[in-house]
Amino acid sequence: MYNSIVMVKQVPDTANISGKVMKDDGTVNRAKLPAIFNHEDKVALELALQIKEKYGGKVTAITMGPPRASEILRDCLYMGADEVYLISDRKFAGADTLATSFVLSEAIKKIGDYHFVFAGRQAIDGDTAQVGPQTAEKLKIPQITYTEEIKEVNTQKVIARKKIDGGYEVVECKLPVLLTVLKDIVEPRPFSSKRVMAFKNAKSLMDLEKLTEENSLLYIDDLVHEYEERGLLIKTLTMDDLELDPKRCGIKGSPTKVYKVESVVLAGSSQTKVEPTKAAMGELVDQLMTDHIFG
Amino acid sequence: MKFINEVWVFIEQHDGKPADVSFELLCKGRKLVKEMKGTLKAIVIGADAEDIAKQTFTYGADEAILIEHPSLKHYQTLPYSSILNELVNSKVPRIVLFGATVIGRDLAPRVASNTKSGLTADCTDLQISDVKYLKQDYLKLLLQIRPAFGGNIIATIITPDVPIQMATVREGVMELQPIENPKTGKITRINYKPDSVNDLVKIVEQHREDNKVNLKASPIIVAGGYGLGTKENFKLIEELAHTIGGEVAGSRAAVDAGFISPDRQVGQTGVTVRPKLYIAVGISGAIQHRAGMQESQKIIAINSDPEAPIFDVAHYGIVGDATEVIPTFIDVYKHKLK
């Protein structure tokens, strides 16, 4: 039996930025960006589910983010996660990777009883690949980054293959361990339609609070109780639940600050236009020969 | 606050061979310490690494801190990070730089986490500057510059309120400029006793080949992008490169689409190149890609979209379908150089 905690993240779909997303002043309008489940984290969840199927145990998915991030926790339930946690608090806003890893590591300590912590190698909104190792350091556990394959899990240790520059390495590591995984190593399973039916109404505390704001006939305590009874409450951990020092959370706990943001201004085009004809390209080749680039 | 004006560069090595990116960072570090009036130190960890420590002086290190032990032959997260954690916590350098390699990206976040330092990944430029931030003046901060948010913006990150500023940089971003008559610096040896914690992880097998692809050294590079549409079309890139004697490269989108292997990716998260000639085919030219090639001496862009941003950094622009333009170009070239 091996228990896994999977760190997942909802990210803006930076690969598909359309005109509407850019404001007139050249800054990004985050609200207009479609939010998606970071793919590598889905791969991490799949690996955790495979370990559970093979050896037994429990899979818990956690995410730190705004209330809207409960969307991907529902996806985790649809795929097969046993339990999910939304780690959310206004005071977590503006966190850099250090503050994020602090909150995540404290949440993992609180959930406890784990053999594996999984995460994608990196999230597409920053590509930093930092939160995994930073969390492992705070948990004082070893890490296997750039994991390509889990070969074996046996009596309290894992044998895994990981990418290194110019090749690969097979490592044997005692548990607990944190692994970050590469994107193509397994195909995340599709949602189970049975689980979609069962969990499509799963809601976090913040989701329920929103419902009460929209309808004065609803009382939050009743709602929470009802959703809990039905197994549809997405557990929420706030700063107070985790008893965290506010100085180490969110923007306050972040040593790195964004000092300046510039929209990308393209220098006016000074290029020579070359028609796609034989004659024009011949001139171009001549020019490059004169410049001693060709020939 | 009084700071220790030191810039440290972690020197990565494989089987006694130092990584290029580490020496590139020393060259940048040299410029940074000049502005900070500080000292540049190379941190060398390995089994038999004195030779590497000596080489660091050629790239501008004032001092090499050398930690040698047979158990440190191969990089491993726990021993390497515990050595650096202890060193950084005790000496509090102002800046620590790592190559954004698999090793650097495994190690730097652990050290930053332990020492509560700021860490910025994949910087495309580093500068020293006085900064006014939230009405406070900060002297000689490290500006950590990187494209962000899908390349739509360039962000300058600072670490104003903690003493240690860390950054990772990809290979090729900083230029390798050895010193002609380097002075011999000091080698400071630090003793290391293995800890039982290190036994948690064992390397049971390792396969490594030195990167055969050396895009940085190639005077001509032909790069293809997602715009080529298919792997089949991507072969045209190879054909063109072969004809004119260049190396093949690709944008991140081309790598993601499986057109080309990741070790040939040019851009912020790939390699930065400065060839004599760079031909970009079917590459729209997001800032991350441009960051890796815009210092090329001559750039030819071929794209069917006349509005593609790649044309703004190109010296020659050809608007057209690559499947028609490239064969014509090859024809013309062969004819001219016959």
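Residues are numbered from 1 along each chain as its sequence is written, while chains are lettered from A and ligands numbered from 1 in the order in which they are written. Because the model is predicted, local features need pLDDT of at least 70, side-chain atom pairs count only at pLDDT 80 or more, and totals for chains, interfaces and linings use all residues; side-chain values use heavy atoms, with hydrogens and water left out.

Chain A contains eight helices and 14 strands, where helices (H or I, at least four residues) and strands (E, at least two) are DSSP runs numbered from the N terminus. Along the principal axes, the C-alpha atoms of chain A fill a box of roughly 80 × 55 × 45 Å. Of the 295 residues in chain A, 52% are buried, a class defined by under 20% relative accessible area, with exposed meaning over 50% and partly exposed lying in between (1.4 Å probe, protein chains only). Among the contacts in chain A (heavy atoms within 4.5 Å) with a separation of 6 or more, 72% involve residues 24 or more positions apart.

A:Met7 has A:Ala119 as its bridge partner in β6(A).

In chain B, strand β1 (residues 4-11) is mostly covered, with six of its eight residues buried. This strand pairs in the parallel sense with strand β6 (residues 93-99) of chain B over four bridges, and B:Ile4 stands opposite B:Pro93 in β6(B). β1(B) also runs parallel to strand β4 (residues 39-46) of chain B, to which six bridges join it; here B:Glu6 stands opposite B:Thr39 in β4(B). In a regular strand the side chains alternate between the two faces of the sheet.

At the interface, 79 residues of chain B are in contact with 74 residues of chain A. The area buried between the two chains is about 6700 Å², of which carbon and sulfur atoms give 59%; buried area is the accessible area (1.4 Å probe) that two parts lose on being put together, summed over both. B:Val102, B:Arg110 and B:Phe149 supply 12% of the area that chain B buries against chain A, more than any other three residues.

Six salt bridges are counted between chain B and chain A, each requiring a side-chain nitrogen of Lys or Arg within 4 Å of a carboxyl oxygen of Asp or Glu. One of these links A:Lys278 with B:Asp331, the closest N and O atoms being 3.8 Å apart. Helix α4 (residues 102-115) of chain B gives the most to the side of chain B that touches chain A, with nine residues. The residues of that side divide into 38 nonpolar, 20 polar and 21 charged, where Ala, Val, Leu, Ile, Met, Phe, Trp, Tyr, Cys and Pro count as nonpolar, Asp, Glu, Lys and Arg as charged, and the others, Gly among them, as polar. Strand pairing also crosses between the chains: two bridges join strand β14 (residues 272-273) of chain A to strand β18 (residues 316-319) of chain B in parallel, with A:Thr272 opposite B:Tyr316.

B:Ser117 is found in the loop between α4 and β7 (118-123) of chain B and counts as buried because its relative accessibility is 1%. The side chains of B:Ser117 and B:Thr115 are joined by a polar contact of 2.6 Å. Beyond neighbours within four places in sequence, B:Ser117 is in contact with residues including A:Leu98 and A:Pro255.

Definitions and conventions: Pairing = 2+ DSSP bridges. Polar contact = N/O pair within 3.5 Å; in protein donor to acceptor, adjacent residues only side chain to side chain.
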